[in-house]
Structures are given as C-alpha cells and as structure tokens.
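Please look over the model below before reading on. The paragraphs that follow go through its helix and its strands in turn.

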Amino acid sequence: RKASGSRKTVPKPKRMKLVWKVVDANSKEIASFPYPAKDEAEARASALSEKTGKTHRVDSVRVPMEDNE
C-alpha cells in the first residue's frame, strides 16, 4: 500500500457582498453604491442618461468583502 501524501488545506472561500454599479453602454463602470442604496444608484444612472444622452444602467455585482467588514 502506498503511503498517503499530506493533505492539502482547502482555502476558505472569500466572503462576497453585492454592490450596485452604474455602467455605460460599453459596460464601463461609472459609479459604485452599497447594496442598500439602489435608489441612489438608479437616480445617478437616470441623471447621467439625461445629461449625456447615452444609455446608463445599474448592475448588481458580487465583490469580495474586505477583512474589516
């Protein structure tokens, strides 16, 4: 019987959080808002759309949480 090798420790999965990102038609990030501030993100997207005449939308994106959160 072959001796078993050392067990590799599996890294803990990173904790993720959702944020709202205002992006333009090319998916370039314009602004980022915390999850509870969806109304602010939508207001910013509509204001940018009216100001520039180009489409802006709000996307939810999962980002890793920082250690102090």
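Which exposed residues does the face of helix 1 turned away from its buried side carry? In this predicted model, that face holds Asp39, Glu40, Glu50 and Lys51. The buried residues of helix 1 are Ala41, Ala45 and Leu48. Because these cover an arc of only 65° around the axis, they lie on the same side of helix 1. What they pack against is strand 1, strand 2 and strand 3.

Helix 1 covers residues 38-52. After helix 1 comes glycine 53, with a positive phi near 80°.

The strands can be taken from strand 1. Strand 1 (residues 16-24) runs antiparallel to strand 3 (residues 56-64), and nine bridges join the two. Tryptophan 20 has serine 60 in strand 3 as its bridge partner. Strand 1 also pairs with strand 2 (residues 29-34), again in the antiparallel sense, over five bridges. Here valine 22 has alanine 31 in strand 2 as its bridge partner. In a regular strand, side chains alternate between the two faces of the sheet.

Strand 1 and strand 2 form a hairpin with four residues between the strands. Serine 27 sits in this loop and has a positive phi of about 65°, although it is not a glycine. Its relative accessibility is 47%, so serine 27 counts as partly exposed.

Technical notes: Residues numbered from 1 in each chain as written. Predicted model: local features only at pLDDT ≥ 70, side-chain atom pairs only at ≥ 80, totals over all residues. Heavy atoms only, no water. Pairing = 2+ DSSP bridges. Buried < 20%, exposed > 50% of the residue type's maximum accessible area, 1.4 Å probe, protein only. Expected span 1.5 Å × (residues − 1). Arc of directions from axis to C-beta. Contact = heavy atoms within 4.5 Å.
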